[in-house]
Amino acid sequence: MRILLVEDDPSVSRSVGRLLNRAGHEVDACSDAESAHILLGAVIYDVVLLDIILPGKSGLELTAELRKEGSVMPILLLSGLDSVSDVVRGLDAGADDYLTKPFQLEELMARLRAIQRRDTAERADLLQHGPFQVDRLRHVALANGEPLVLTAKEFKLLEYFMTHPGEIVLRNTLLDKIWSSRRGTQSNLVDVHVSKVRRKMARYSQDVVIETIRGVGFRLHA
């Protein structure tokens, strides 16, 4: 993978960069959001490792700015802030994942592999999770080989969950991706549609479920 590491602590930047190089990754590093923005406009990266607390513009601000510009570059936030509200704030800004400092290299590498798998899944034409399949070319959903009857919004919800299996997906993320809306939308709109998809899936499997993470969002869990 080609990785952009944005970290203002020189010792952390050197140590993480060296470890990633040893693992076979190509790493570019910078220490502030403005430099990162310039590099992202000139080089194609597989993922950005982005510290939240940076001189000038923060990592959260850069993340939100990139998403507003339409960038789908995977972003893994690095931060010493580890409360639930901090994690939610990072994910809500548009980050793909959030890793708290200090962290072990093994966990960082696992997160990077997960991002790679997700990126592959998002490009795949046929998605599968347990007994459920989503054929994106034919716009068909199957359960145990049988047609799973879904509305257009329900299909998009299932498709999104199956490209992010095991990950917590925020309500605001679903409003953005499925309804292209966040403000002024019924607060229970997402919950109602997820509940309908969940009931339809339950007819075919009790093991693969969309679970509610109270106060945060949902997760496709097996």
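What we have is a predicted model, where local features need pLDDT of at least 70, side-chain atom pairs count only at pLDDT 80 or more, and totals for chains, interfaces and linings use all residues. Residues are numbered from 1 along each chain as its sequence is written, and side-chain values use heavy atoms, with hydrogens and water left out.

Let's start with the sheet. Helices (H or I, at least four residues) and strands (E, at least two) are DSSP runs, numbered from the N terminus. Four strands make an open antiparallel sheet in the order β6-β7-β8-β9; strands pair if DSSP finds at least two bridges between them. β6 (126-129) and β9 (146-147) are at the edges with a single partner strand each, so one side of each has no neighbour in the sheet. Between β8 (residues 140-143) and β9 there are two bridges, and Leu-142 has Pro-147 in β9 as its bridge partner.

Now, how many aromatic pairs does a search of the whole structure find? One. Phe-161 and Phe-218 sit edge-to-face, 6.5 Å centre to centre with 85° between the planes; the cut-offs are centres within 6.5 Å, and planes under 30 degrees apart for stacked, over 60 for edge-to-face and the rest tilted. Phe-161 belongs to helix α6 and Phe-218 to strand β12, 57 residues apart. Both are buried, meaning under 20% relative accessible area, with exposed over 50% and partly exposed in between (1.4 Å probe, protein chains only).

Last stop, helix α7 (residues 171-179): Thr-173, Leu-174, Leu-175, Ile-178 and Trp-179 are buried there. After α7 comes Ser-180, with a positive phi near 50°.

Definitions and conventions:
Phe/Tyr/Trp six-rings, centres within 6.5 Å; stacked < 30°, edge-to-face > 60°.
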